[in-house]
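Please open the model in your viewer and keep the sequence panel at hand.

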Amino acid sequence: MAVPTTAWPETSNAASCTVLTPPEHTLEIVSDSGEGAQKCGQIFGAVSAKMGNGVWTVEIIPAEIQPPPRTPEGASGNRIRVGSRAITNWGDAVDLVVAFNEQVLLSRHRLGALAPNAIVLVESLWASHPNPEIQAAWTKAMAELSTTGYRIIQVPMEEQCLTIDDNPRKGKNMFALGLLAWIYNRDLTRIEEQIAYAFRKKSEDVYQRNVGLLRLGCSWAEANLDFRIDVAPAASDRALVVMNGNEALALGALASGMELCAMYPITPATSVSHFLADVFEKFGGVLHQAEDEIAAAGVAIGASYAGKVAFTVTSGPGLALKTEFIGLAIMTETPLVVIDVQRGGPSTGLPTKVEQSDLLAALFAQPGDAPRIVIAPATIEDCFHSVITARRLAEAFRTVVIVLSDANLATGVQPFPRPQLRAEWQGAEPDLTPVAPGTRPYAWDARLGTSKRIIPGQPGGMFTVTGLSHDENSKVAYGSGVHQRATAMRSRKLAVLQQMLTPPEVNGRADGELLIVGWGSTKGAIEEAVERARAAGLSVSSLHLSFLSPLEPGLAEIFRRFRKVMTVEINYSDDPADPFITPENRRRGQLAWILRAETLVDVDCWTRVPGEPLRPGVILDVIRRTLAPREQEAAS
Amino acid sequence: MSEFSCSVLGCVTPSVGDERDYELGDYEGPVARWCPGCGDHSVLTAVERLLVAEQLKPEQTVFVSGIGCSSRFPHYLKTYGFHGIHGRALPVATGIKLHRPDLTVFVVMGDGDCCSIGAAHWVHAIRYNTQMVAMLLDNSIYGLTKKQTSPTTPQGFKTNTQPTGSFLPPLNPLSTMLGTTNVSFVAQTAEWIPAHLYATLRAAYQHRGLAFVRILQRCPMYTQSIYERAVKDPSLVELLVHDDGVVVPELDAIYRGRLAHNPSDLNAARALADDGERIRLGVFFRDEARPRYDEIRRAHKVSTTERIALLDQELDKYAV
């Protein structure tokens, strides 16, 4: 489809229009499910990134596909934080919100999502709706909202849309996009390109109708609003790409050279497979949707056993189901990459919401001693590279590598430097050369625990892998000496890898009062909080771990340079002030648990399971409270 | 076939041309440690005969099994083997075949393995119809764990978990498979009739698609009695005969109960499978025209350089 180009409207009501120039701005667009707020937000985020802004987006997703309309719990949409510098997290509060009805607006208000002086653009249709109940609901909501400091602007969205389209429910999101495009001075040509891409499978008509609504929103805003917001682009001379974490995982898988992904649908991991379903065949790959999570692991293991490393992608409940197969891969030393896009748990938990509570399951869920490698991307860019790293480690160490992403990264959109693709990321083709007589399938290097893999097709290498205890020839052997040695060999590989890693870098001073330790998607929020705290004169640094098994080296030494070490995580820990909780029985955050065991340092934790990403302002408060007694002490 | 696939896969070196004839000794592994009198021995012998007859390269052949007595099978051969976990041999075999279509894959399962803990995979494997031979070594009991009721244990048969007798009628694996969409080959044979066993496995091997063979077996420890009458009295056995099925002339004199059955007739096959009056051996159904998942999903080879170029194009879509 030819993409029409449209010049930005030259004229503006400049006389009455204030242009605000904040260094960053956070906006949300919320609607009932199915009204397209998410698409609007995604396009706005992508275009902002393409225009050079730092961007982070978060999806606001109800658990149901079509929850009842006009209910607070049905709110669906997107938060976009744009800045003049790199943006690494979703921020604290929303500065501007576009709401398709007052109920979804109320939901965001009640959740404390909006800044005290937020600008609110709300559909005015409901004020004069023929249904008296709806009118009453509107009046009641407006009364509640009037007690706030919001600047509320009523926008006749549907009335406007009806002037050019007979089904405004389907096009209101493009009208809203037009509003935002005018307010934030977004490049209409780029927006139209994005619309063309989003509707590439639809007719030209659909495209034209959407562009018409976009322009209508733009003109309405120009004629009726008295402010614009200009967030200058971030300075960057590097080529950037912008995508969400699941797209980055899928692209990373392509870059890693893996040729088979077996999966079973599960939120929030599934979109990785949607991406692969579109392109994997072109890359010589197979996306296999298995009959269940267990079979998905089995198919990936079968493929890995017979050639190139394969992978499976899942979320918590799926990881639980794959447990036995993961143990088999570890026992048979069959390389396997398992991507776990974490959500809230346990059980079905919070399917669409972020949590970091699969860490201990990823590390330990298994009968017997089953060491495996666990890594966690902290950014969208990490999502891309973590899969490449995982493939290489799985191959080099003949073991399972679990990649712990999460729902925040999965749907978060962020620009990052365009990867310079390298051939060696893809690994070698299967080696089908004959095996020298006498070669053992587990010829463990006695120091390293590593051994070279023999795969079917290699003449002279025939052997049977087994999940039973086995010796170097893969012969079933129950002798105590054999089991002790084989278990040691599988374990040794982790020690070897740990010694190959470099100690992690401390963000901030290398010593001080407080060290915050995190892992995974919380990096941006933690580092922003720590920077703000340091700017306020507090003695705090942070450390972010990419390797969870084995842990990066030198942690105990780093920890000793701080008076207090505390993890910040999105998982559960007991509040020390709660009834019955003592230092002895307190259940701690999952990383804290590991760090205490591994370093013998009295690592504290602050963790929450709110079903949303952590806010930097909240972490800053935690830092202040944690350091407060010491500040008072110093003052006295 | 293997050369073609190797070029498809871009293997480093195709297997060197070992063109000599393979003999029994090229396939025979260590002495099998099943109980004396176990039906698994007969199956292993028949499989070894098949490997020799078809001259399958040991390095191009993979036996995949689950857990149970019969799943020790791969250990007793000198081919490649994958002895996995209980009930999950079929997914592993599917993964092997999807990624390495050049390999010949056999799957060995027991009745608990296939029809109970692995039932989900079983039904879906039938529908995938991936090119491989699947053998169900059905002795109607959990033997390795010592006499628990399996899905195919006869009703009333006493076990350690159902000491007053198995509560329910047994699951009929043939009916299950013949009722599953996209089934392409279902046969039944018996461990005590080696000639029929061998002929059936050979027909299964030559089938294009998933060839599923249920092998009726006795466990000498726990279920010796269940086929005792049929072993002693060939008239209790009816052979399904057809040019497209299994023809074993040497059995003519002993097994006189014969029924002409055209394996392309699915309804007739279902009726014969459902009727529990007689022990019927032979090919119940075969249809090579059914879609094969491994064929539909066959990947083409993409070089490292091509992949980088393609990936650059994908990244262009996300370029700022």
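Select residues 245-255 of chain A for helix α8 and residues 270-279 of chain A for helix α9: the two pack at an angle of about 50°, with their axes 8 Å apart. Axes are lines fitted to C-alpha atoms, for helices over the stretch in contact, and angles run from 0 to 180 degrees between N-to-C directions. Helices (H or I, at least four residues) and strands (E, at least two) are DSSP runs, numbered from the N terminus.

This is a predicted model, in which local features need pLDDT of at least 70 and side-chain atom pairs count only at pLDDT 80 or more, while totals for chains, interfaces and linings use all residues. Residues are numbered from 1 along each chain as its sequence is written, and chains are lettered from A and ligands numbered from 1 in the order in which they are written.

Next, display the side chains of Asn246(A), Glu247(A), Leu249(A) and Ala250(A) in α8(A); they meet Ser271(A), Val272(A), Phe275(A) and Leu276(A) in α9(A) (contact: C-beta atoms, placed from the backbone, within 7 Å).

Now show both chains: 54 residues of chain B are in contact with 61 residues of chain A. On chain B, the elements giving two or more residues to this side are β2 (80-83), α3 (89-99), α5 (119-128) and α11 (304-316).

Key:
Two residues are in contact if their C-beta atoms, placed from the backbone, lie within 7 Å.
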